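Hello,

Here is the structure for you to look over. My notes follow below it.

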Amino acid sequence: MASTNDLKNGLVLKIDNQLWSVVNFQHVKPGKGGAFVRTTLKNVLSGKVVDKTFNAGVKVETANVDRREMTYLYDDGTDFVFMDQDTYDQVTVSRPVVGDAANYMLENSNVVIARHDDEPLYVELPASVELSVSHTDPGVQGDRSTGGTKPATLETGAEVQVPLFLNTGDKVKVDPRDGRYLGRVNTK
């Protein structure tokens, strides 16, 4: 248990048997009446965002969320298998928990897995990942100066929009949160 005075960004609260992460909070002391804390909470599992107000000093239940860096080993067809880098234990995470992160994970890449009571909650990728373009159509000669984009399929199977000058085999940097192209990676 913690007080609303102890709230900070990233803290996970247990409200109505659901886990909510504090995205933002603000202590408010109006001229009239008691102080309160205005928060923005994000549901850890569904991603739903809500605003909730607490009276100042009220006790709230916190959840112990263990965030560990793990290595992605392989996809066994139904689940994904990761290895804890400290204990070398293998952890199986279901496809719905991994979600869209699967489109940007390569075998032997490092990710962060958040767990509560040994139950995986979500998989967090780095801010950018480097992947090779497995297929893209060649850019048309006259189109190079316009700054247009074309679809490209990455080695993981994900499809992103890339500039026309990129070719199959080029390595690109992608933001895994929204699948946005960030730049080309020099391999020389």
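Helices (H or I, at least four residues) and strands (E, at least two) are DSSP runs, numbered from the N terminus. This is a predicted model, so local features need pLDDT of at least 70 and side-chain atom pairs count only at pLDDT 80 or more, while totals for chains, interfaces and linings use all residues. Residues are numbered from 1 along each chain as its sequence is written, and side-chain values use heavy atoms, with hydrogens and water left out.

Two loop residues first. N17 sits in the loop between strand 2 (12-15) and strand 3. Its phi is near 60°, a positive value in a residue other than glycine. D117 lies in the loop between strand 10 and strand 11. The phi of D117 is also positive, about 55°, and D117 is not a glycine. Most residues other than glycine have a negative phi. N17 is exposed, with a relative accessible area of 72%. D117 is exposed too, at 64% relative accessibility. (Exposed means over 50% relative accessible area, buried under 20%, partly exposed in between, with a 1.4 Å probe and protein chains only.)

Next, the core. A nonpolar core is a set of buried Ala, Val, Leu, Ile, Met, Phe, Trp, Tyr and Cys residues joined through side-chain atoms within 4.5 Å. The largest one has 26 residues. F82, V98, Y104, M105, V123 and L154 touch the most other members. Strand 12 gives the most to this core, with 3 residues. V123 has contacts (heavy atoms within 4.5 Å) with F82, V93, V97, V98, A101, M105, V111, V112 and I113, not counting residues up to four places away in sequence. Another core, of 10 residues, lies apart from it; L7, L11, L41 and V60 are among its members.

Last, the largest pocket. A pocket is an open set of points on a 1 Å grid over the protein atoms alone, where a 1.4 Å probe fits, with protein on both sides within 12 Å along at least five of seven lines; lining residues have an atom within 4 Å of a point. The space in the largest pocket is about 850 Å³, a volume being the space filled by probe spheres set on the points. Its lining has 29 residues, and K42, V44, Y122, V123 and E124 lie nearest its centre. Strand 11 gives the most to this lining, with 4 residues.

Best wishes
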